[in-house]
Amino acid sequence: MQDDLALIERVRQDGQKAYAELVNKYKQRIYVFLLRMLGEAQDAQDLAQEVFIKAYFQLDTFTGSSQFLTWLNRIAYRRAIDELQRRKPVKCIPIHELEFADTLTPESICLAKERAASLQERQQMDSHLAACSVCRTALGSCMSNFVAFDDAPPLPDSFTNEIMRVISSKAAENKTEPKLKMIDLILNTCWRGNMKKKMVVTAAGLAIAISIGTSTSLTFASHVHSLLNLQAETKDQDIVFKVKNASISPNQISLEYEFLKNGIRLSDEDTHKPFKFNMDDTSQHFYGYAQEEEDSSGNDVYVTDEQGNKLIDRSSIGATGQRTLETGVQSLIRISLNDETFKKLPEKIVLHVELNKVGGKEGKWHLTAPINVKELKMKSELVITDKNYTLPNGSNIKLQGWLSANSVSSIITKYIDSKNGKTEYGNTEFGFQVKNKQGEVVAALDPVGLQNVNLVDSDVTDPMADTLGFQFKRFKEDDDYTFELKSLHSYEKMGLDIKIDPQVVNGEPLVKDLGGGKRLKISKVELKTNDDEKQVPSRKLSSIPDAPEISYVQDKGLFIEVEGWLDKEMVDLTTWEVKVDNQEKEWIVWDPTRLEQDENGNYKFRKVIIIRDVEKMPENITLESASAHKKTGVDWKIPLGKPTP
């Protein structure tokens, strides 16, 4: 602990060199932590780099009241939950309802997430884990003694080098977070003061961040009062606990809260600790709370009707730590709802919060906040549609409705799967758009990512607007809208039996006719046996028009360069099944891809099929089959209307 504090002080005084030591010290532990949560090595590595970059620019919020690793784990945990929610899975199935629930073991969970009888089921698990603290606890309990991921190979030195390159670039471009720049300008401090000075600077930073968010964002400024204002508060031990604004969707009630001491927010850790009551000891260890002494088991949060009858207990309630948005720093209490609970909510409910330990101090922070549900729905601009579209396989897409909160509007949908809808090759996805009464497209979701309109990036989604919905830039209030379901995306196995001789292909590309004008060209096979970075195609997204066309990987194995020309109905080929020198072995295969459309709307791609851990150049490779990503046009329109004043 003291070594970490000394390093952090060196970072604050001398800059980036000392920070590289911190990265090297903890990079493997953060990577393994994220690998446990996400199950995808490349995602875990990418997010681990994001965590260390974010931590560098938020060192002002680390007060030393906990271990530095605990603080890093908090950032990693929230980022992983954001990633799980961003994946937009098709259906939320509780763990105990999955096929392997009767043998819930670490091995069965990892097997399901690795092979996932279907990718759809794995994403269903991710969706539920992102929303359900009970299932996170169950999974954490099972995973806590499972060490398979601890065998993950060490991250290369280039991992740290890339982090420091990004940090150096951001600093050089003077694009660090606004509060850091403003603090340096206003207070002219280099973080050399004592803890009291650091707390003052932190408070100034938060105030500046809030000020910037309000003054520079007209969208936020004009909607900052659009939520239901509760303003319930209590005080003990010089700590004020406030529950401020609220919003509602069919999936959750969100309530903004904060702890203040002498007008300054408590640290992120002290803010989150009182609401850990749904986690057992093993789960606290799994999610990075093992070193904390705070015990929240005596705290409680629940919802009753006006007569005091309990409607929702704390098993359905959780809380987030601090998250910095354009609206400022935000912490939320989330009350999970299902269809039945949402429909049966009385017109008036009461939130009860009973906290007996906050910021390491015993006390009594008990408050009640009456909530008018009708007014809450109106303030959240919640419009319920409750319409269903039935797919040929018997599954349904349920359009629950939409709402607006702060600077975003959220389209709330739910995919209700049928047993006939399962596939081992991919989950069913859908694309839609929203038009105003003038026929203009104000929002669009394209599962491929090429034709999104006003879709909010996952890093800036607003939790007050239902994180399970699809969030877009806020719609205008005085307009009528129509939801148009435009496409369904499904996956099915496609036999290929493409035999590749690496020596021949490296001299002359192999072209495979797929019929109907579709074709593949395999132009190069390369063996990579070192940890050096290698360029691969990068995904194209309409929301990031200037994004680079390449990214870098450090995998070892075979790299097969492929181009494909498809049509309007076939989007991509992925999830490859391969043989190397006719060996009956399950290889780890993935394929970084850049998808595009030509002027006629036909899909084409550039990709590299990576077969990991091949140690020598084979004599032959067979691409036996792939998952064909297919797109089917749909024409289903539902009036969304507009909020009732």
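Which residue in β12 does V350 stand opposite? In this predicted model, the residue facing V350 is P370 of β12. The strands concerned, β11 (residues 348-358) and β12 (residues 361-372), run antiparallel and are joined by ten bridges. Two residues separate β11 from β12 in a hairpin, and G359, in the turn, has a positive phi of about 60°.

L351 is one of the residues with the most contacts inside the largest nonpolar core, together with F241, L255 and F275. This core has 44 residues. When neighbours within four places in sequence are set aside, the contacts of L351 are V243, L255, V301, Y302, V303, I335, L367, T368, A369 and I371. In soluble globular proteins, nonpolar side chains tend to be buried together.

Helix α3 spans residues 41-57, a run of 17 residues. The distance from its first C-alpha to its last is 25 Å, close to the expected 24 Å at 1.5 Å a residue. Buried positions in α3 are A44, Q45, L47, A48, Q49, V51, F52, I53, A55, Y56 and F57.

Aromatic pairs number 18 in the structure. In one of these, Y26 and F68 are tilted, with 50° between the planes and 6.0 Å from centre to centre. Y26 belongs to helix α2 (residues 16-38) and F68 to helix α4 (residues 68-86), so this pair ties together parts that are 42 residues apart in sequence. Both Y26 and F68 are buried. Helix α2 also contains V32, which is buried with a relative accessible area of 8%. In sequence, V32 and P154 are 122 residues apart, whereas their C-alpha atoms are 9.8 Å apart in space.

Elsewhere, ring pairs connect Y389, F430, F432, F470, F472, F483 and W636 into a cluster. The charged end of R519 sits over the ring of W565, at 4.2 Å from the ring centre. For K534, the charged end sits over the ring of F559, and the distance to the centre is 5.6 Å.

Terms used:
Residues numbered from 1 in each chain as written. Predicted model: local features only at pLDDT ≥ 70, side-chain atom pairs only at ≥ 80, totals over all residues. Heavy atoms only, no water. Core = buried A, V, L, I, M, F, W, Y, C linked by side-chain atoms within 4.5 Å. Buried < 20%, exposed > 50% of the residue type's maximum accessible area, 1.4 Å probe, protein only. Contact = heavy atoms within 4.5 Å. Helix = DSSP H or I, 4+ residues; strand = E, 2+ residues; numbered from the N terminus. Expected span 1.5 Å × (residues − 1). Pairing = 2+ DSSP bridges. Phe/Tyr/Trp six-rings, centres within 6.5 Å; stacked < 30°, edge-to-face > 60°. Lys NZ or Arg CZ within 6 Å of the ring centre and 35° of its normal.
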